[in-house]
Amino acid sequence: MARTKIVLAGEGGQGVQSIAKILVEAGYEAGKEVLYIPNFGVEQRGGVSIAFCQIADTKIGEPRYSKGDIVIMLSDRALDRCETYVDESSTIVYDTSVCTHEPKCKCAKVIGIDANRIANEQLSSRVFNIIILGALLEATKVLELSDIKNAMEMALGKKFDVKPELRELNYKALEMGMDLVKGAANGQTVSRV
């Protein structure tokens, strides 16, 4: 891996920045070069929240980039706003249970997962972002599962200690996200644009 450029976008309150923080912490602890640039304003009141992340084996020379290797879109407004970060080599992951339409931009691959519905029906709405983190991990293979779990322990360990069932719930959500992308790779809900 030379450098992986990641764009995460969704509505305020979906946990986009939390995903980014765990991701770059995991990369840092794994000895990678990492960079995280949050982009948000009044998102807590319903705006689009975007996180730009980079993970690399060597020094990251340029903090900004125009196209992402993977672009995660978690709402219709995120779809509309982030198509500009996509090119023919990008992979898009979007939530089919939140977005009312599929991304229409030219890219290498589109992976649709119904993370929000699964979180609400099978786990808890509070772990929606962890499902997305698992999907991102599987789609990029940029880090190991153990790296992400270690970073989750650093970020959420105190909550896990108070309520041990939260650890199991979050780990299950992480693995579900990975399984959603694996299923998509096997022909379920994947399309090419």
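Where is the place of Lys 141? The place of Lys 141 is in the loop between α4 and α5. The structure shown is a predicted model, in which local features need pLDDT of at least 70, side-chain atom pairs count only at pLDDT 80 or more, and totals for chains, interfaces and linings use all residues. Residues are numbered from 1 along each chain as its sequence is written, and side-chain values use heavy atoms, with hydrogens and water left out.

**View 1. Lys 141 in the loop between α4 and α5.** The phi angle of Lys 141 is near 55 degrees, a positive value in a residue other than glycine. Lys 141 has a relative accessibility of 57% and counts as exposed; the term exposed means over 50% relative accessible area, buried means under 20%, and partly exposed lies in between (1.4 Å probe, protein chains only). Helices (H or I, at least four residues) and strands (E, at least two) are DSSP runs, numbered from the N terminus.

**View 2. The largest pocket and its lining.** About 480 Å³ of space lies in this pocket. Of the 21 residues that line the largest pocket, Arg 126, Asn 129, Leu 156, Lys 159 and Asn 170 are the closest to its centre. A pocket is found on a 1 Å grid over the protein atoms alone, as an open set of points where a 1.4 Å probe fits, with protein on both sides within 12 Å along at least five of seven lines; lining residues have an atom within 4 Å of a point. Grid points are joined across faces, edges and corners, and the volume is the space filled by probe spheres set on the points. At least two lining residues come from each of α1 (16–29), α4 (128–140), α5 (145–162) and α6 (164–185), and α5 gives the most, with six. By type, the lining residues are ten nonpolar, seven polar and four charged. Here Ala, Val, Leu, Ile, Met, Phe, Trp, Tyr, Cys and Pro count as nonpolar, Asp, Glu, Lys and Arg as charged, and the others, Gly among them, as polar.

**View 3. The kink in helix α5.** The kink is about 75 degrees and is centred on Leu 156; the bend at a residue is the angle between axes fitted to the seven residues ending there and the seven starting there. Buried residues of α5 include Ala 151, Met 152, Leu 156 and Gly 157.

**View 4. The aromatic pair Phe 52 and Tyr 85.** The structure holds three aromatic pairs. The ring centres of Phe 52 and Tyr 85 are 5.2 Å apart and the planes stand at 75 degrees, so this pair is edge-to-face. Rings of Phe, Tyr and Trp (its six-membered ring) pair if their centres lie within 6.5 Å; planes under 30 degrees apart count as stacked, over 60 as edge-to-face and the rest as tilted. Phe 52 is buried, with a relative accessible area of 13%, and Tyr 85 is buried at 18%. Phe 52, Tyr 65 and Tyr 85 form one aromatic cluster.

**View 5. Phe 160 and Tyr 171.** With ring centres 6.3 Å apart and planes at 80 degrees, this pair is edge-to-face. Phe 160 lies in helix α5 and Tyr 171 in helix α6, so the pair ties together parts that are eleven residues apart in sequence.
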